[in-house]
Amino acid sequence: MIHPHYDIIMAGGGAASRILLYFMRLQPGFDQLQILILEAENRIAEKTWCFWTQQQHPFEHLIRKEWNELEFKAGDYTTRESINPYRYCCIHGADFDRYFNVEFFPAYPNVTLLQQKILSAEHNNQQWTVVTEHQQFTCNRLVSNAALNQPAKPMLQHFHGWFIEYNQDVFDENRALLMDFALPGNDQFCFFYVLPFSNRKALVECTYYSVEAFDPVIYQQEIQQYLLKRFGNNFRIYHKEQGAIPLQLHTGASDATPAMINIGQSAGMIKPSTGYAFQRMVEDSKLLAASLHKEQPLRRKRHRRFRFYDGLLLSIIKEEPGRAVSIFHQLFSKSSMKSILTFLDENSTIAEEAKIFSKLPWWPFLKRIKLNG
């Protein structure tokens with residue numbers, strides 16, 4: 001049932017909104033809240049989400065596959081390691097959307113999902129007025145995943161992926177290939193990513209970092225050549241996915257206020273140097289759901305030094321992509337996978353970070369510091 005006024009309106013129905021609702025439902029009185037989700041009619045289905053964890057996960061029931069060993073390749077160099085106690089996990093976007101559309105939303109009639117484009121949102125008289133292309137609503141709180149203060153051309157992590165099946169065993173289903181810099185001499189920062197779901201089935205992605213996405217033909221040619229070189233040509237493609245993730249340093253105010261709550265991209269939940277976001281949104285949503293219930297302001301977990309690290313690395317990737325590949329090579333050859341995952345999770349100590357950086361070439365980082373003033 002559509003109402004003129006809601007307790008909460010969510011601008012955007014993507015993963016960040018759905019994850020927040022998932023944790024809000026655990027709070028007393030959730031079923032008494034009237035919540036409206038407004039999403040564009042042309043919303044793109046979620047892609048494959050990957051993350052690593054040490055504990056039982058809130059979305060354990062949606063995990064399609066997990067790996068306890070990761071691999072890294074750069075040219076002739078290869079390293080394979082157990083990441084125990086971590087698990088590297090994969091959730092298919094289709095499974096994620098199906099769960100919410102088929103199970104979650106029908107179970108909570110107090111949540112209304114409408115496909116309407118938002119034209120404007122204004123705050124006055126202690127409430128929000130949200131105008132869509134078809135009607136007008138008011139609410140006490142607005143939750144937004146809209147990109148705020150985005151540069152005209154942010155760095156993008158753009159990719160195309162093929163879900164493939166070979167007619168013989170070619171993969172090790174117990175080991176995921178995190179990065180394979182398999183294009184020597186390429187003046188772009190590009191790597192391949194392989195997630196084996198069985199010894200014959202896998203997701204193979206070609207990923208680039210740049211300010212512009214490419215013609216789809218380029219990714220297709222790269223994937224085709226990569227597969228022929230690594231695994232042979234006896235495969236079929238049964239699904240494809242593509243995407244472009246903005247990689248930017250979050251500078252806006254990300255703490256939630258009683259009236260306006262930023263989530264997802266607008267709250268800085270996309271890790272600027274890697275594009276990983278799912279687990280960051282999960283951890284953020286846990287805190288946010290609890291603070292909303294208690295009507296307390298949210299103080300998000302932020303460490304400025306990690307924003308500084310991300311900024312340096314993004315700058316090197318943008319200006320010296322070949323140098324960036326060399327840095328990743330040295331990072332994975334001189335530090336353990338577990339220590340790298342802890343660092344990327346922003347759970348490492350300053351001493352652990354100093355140990356990691358001591359094994360990397362210092363000049364590219366010092367150069368970026370000097371250039372950035």
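Me: Helices (H or I, at least four residues) and strands (E, at least two) are DSSP runs, numbered from the N terminus. Where is E320 found?

Reply: E320 sits in the loop between α5 and α6 (321-334). This is a predicted model: local features need pLDDT of at least 70, side-chain atom pairs count only at pLDDT 80 or more, and totals for chains, interfaces and linings use all residues. Residues are numbered from 1 along each chain as its sequence is written, and side-chain values use heavy atoms, with hydrogens and water left out.

Me: Why is E320 called buried?

Reply: Buried means under 20% relative accessible area, exposed over 50%, partly exposed in between (1.4 Å probe, protein chains only). E320 has 19% relative accessibility, so it counts as buried.

Me: What does E320 touch, leaving out residues up to four places away in sequence?

Reply: Contact means heavy atoms within 4.5 Å. On that basis E320 touches S315, K367 and R368.

Me: What makes D310 buried?

Reply: Its relative accessibility is 4%, so D310 counts as buried. D310 belongs to helix α5 (residues 304-319). Beyond its neighbours within four places in sequence, D310 contacts L249, K271, P272, S273 and E346.

Me: Which side chain makes a polar contact with the side chain of D310?

Reply: That of S273, at 2.6 Å. A polar contact is a pair of N or O atoms within 3.5 Å; within protein, one must be able to donate a hydrogen and the other to accept it, and residues adjacent in sequence count only if both atoms are side-chain atoms.

Me: How do you know that L36 is buried?

Reply: Its relative accessibility is 0%, so L36 counts as buried. L36 lies in strand β2 (residues 35-39). Setting aside neighbours within four places in sequence, its contacts include Y6, T112, L114 and F137. F137 is 101 residues away along the chain, with a C-alpha separation of 9.3 Å from L36.

Me: What makes β3 and β4 edge strands?

Reply: Strands pair if DSSP finds at least two bridges between them. Three strands form an open, antiparallel sheet in the order β3-β7-β4. β3 (49-53) and β4 (65-67) each have a single partner strand, so one side of each lacks a neighbour in the sheet.

Me: How many bridges join β4 to β7?

Reply: Three bridges link β4 to β7 (residues 87-91), running antiparallel. W67 stands opposite Y88 in β7.

Me: What makes a set of residues a nonpolar core?

Reply: The members are buried Ala, Val, Leu, Ile, Met, Phe, Trp, Tyr and Cys residues, joined through side-chain atoms within 4.5 Å. The largest core here has 85 residues; L21, M24, F59, Y88 and L195 touch the most other members. Helix α1 (residues 15-24) gives the largest share, eight residues. A second, separate core of 18 residues includes I164, A182, V194 and Y208. In soluble globular proteins, nonpolar side chains tend to be buried together.

Me: Which residues does M24 contact, beyond four places in sequence?

Reply: Among them are I8, M10, F30, A289 and L292.

Me: Are C139 and C190 buried or exposed?

Reply: C139 is at 0% relative accessibility, so it counts as buried. C190, at 5%, also counts as buried.
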